[in-house]
Amino acid sequence: MPRLAVFPKAFMHALCKDGNMRVSEWIKLASTLDVQGLEWYAGFLEMADENNWQVFRKQVEENGMTIPMMCCSPDFTSPDAAFRKKEIEKQKRWIDMTYALGGSYCRVLSGQKRPELSIEEGVKLAADCISDCLPYAADHGITLILENHYKDDFWKYPEFAQKMDVFCKLVDSLHHPFFGVNYDPSNTYIAGEDPIELLRRVASRVVTMHASDRYLKYGTIEDLRKEEGGAEGYVKRLSHGEIGQGLNDYDAIFTILKDVGFDGWISIEDGVDGMDQLERSVAFLKKKISQYWPPKTATS
């Protein structure tokens with residue numbers, strides 16, 4: 001049966017920029033939710049001090065949870081080989097971080113969609129860099145998870161593999177027991193594409209999932225798909241909202257995942273309107289999980 005984790009979507013600025021929230025405060029706040037894990041973020045300000053890694057792991061475990069997943073953003077599509085080498089070293093440090101926290105999954109991305117890159121060049125650069133990281137990850141028992149992402153907050157350009165065909169091409173180029181997909185249905189909408197179609201194409205490779213929901217602030221889905229200006233423009237029409245109240249069809253998503261035997265972590269990236277919203281999202285997902293993965297009953 002899948003297990004639930006939460007990500008501090010509403011508190012990222014406070015945890016990563018101005019320091020108005022301490023990580024220990026987030027752990028305590030999250031412990032009030034009916035979840036088993038916390039998805040971590042490599043960019044929490046206090047993570048710069050390696051002495052804190054074990055401290056935070058202990059605090060999470062003392063509150064009855066674990067840290068299954070690490071969220072980080074390597075940029076592997078630069079044409080500069082020295083830059084890519086530094087990104088590989090950063091990814092290995094994030095693997096170290098995941099290992100120290102007791103996690104099993106560490107995110108990877110393709111990198112930025114630089115205008116000069118062809119699809120073939122970008123896929124090769126990203127695949128080569130991820131492949132370089134995989135032996136190190138395997139040595140630590142960490143699975144690298146490639147997310148169909150939109151854009152890191154600190155990047156100039158959107159994700160190189162944002163579009164479905166490019167993402168699938170990159171996934172198809174990587175086969176390793178410690179590699180899988182982190183599926184995010186909401187990000188597919190930002191790309192103007194169908195999250196169910198993407199899931200059908202990669203379902204057998206999905207090992208973790210991000211759960212959130214989006215709703216249209218104005219216009220229609222057809223408007224979103226026709227909108228001029230590329231992926232950066234799509235976000236204007238979409239906003240985060242309570243899970244189960246937006247565009248994502250969780251019955252279709254969970255039907256497909258159940259059919260392929262998925263039993264991994266589902267991390268909730270929501271709650272931007274407060275903890276009450278996050279609690280309702282947790283309740284919605286727990287109900288859906290019990291519906292599609294009912295608890296096994298003892299047999300005589």
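**Exercise 1.** Characterise the salt bridge that Asp251 forms with Lys288.

*Solution.* Step 1: the closest N and O atoms of Asp251 and Lys288 are 2.7 Å apart; a salt bridge requires a side-chain nitrogen of Lys or Arg within 4 Å of a carboxyl oxygen of Asp or Glu. Step 2: Asp251 belongs to helix α11 and Lys288 to helix α12, 37 residues apart, and the pair thus links distant parts of the chain. Helices (H or I, at least four residues) are DSSP runs numbered from the N terminus. Step 3: Asp251 is partly exposed at 30% relative accessible area, whereas Lys288, at 14%, is buried. Buried denotes under 20% relative accessible area, exposed over 50%, and partly exposed in between (1.4 Å probe, protein chains only).

The model is predicted: local features need pLDDT of at least 70, side-chain atom pairs count only at pLDDT 80 or more, and totals for chains, interfaces and linings use all residues. Residues are numbered from 1 along each chain as its sequence is written, and side-chain values use heavy atoms, leaving out hydrogens and water.

**Exercise 2.** Determine which parts are tied together by Glu242 and Arg280.

*Solution.* Step 1: Glu242 and Arg280 form a salt bridge whose closest N and O atoms are 2.8 Å apart. Step 2: Glu242 lies in the loop between β10 (238-240) and α11 (250-259), and Arg280 in helix α12 (residues 275-292), so parts 38 residues apart in sequence are tied together. Step 3: Arg280 is partly exposed, at 42%.

**Exercise 3.** State where Lys90 and Glu87 lie.

*Solution.* Step 1: both residues lie in helix α4 (residues 81-100), three residues apart, about one turn of the helix. Step 2: Glu87 is buried at 5% relative accessibility, while Lys90 is partly exposed at 37%.

Key: Helices (H or I, at least four residues) and strands (E, at least two) are DSSP runs, numbered from the N terminus.
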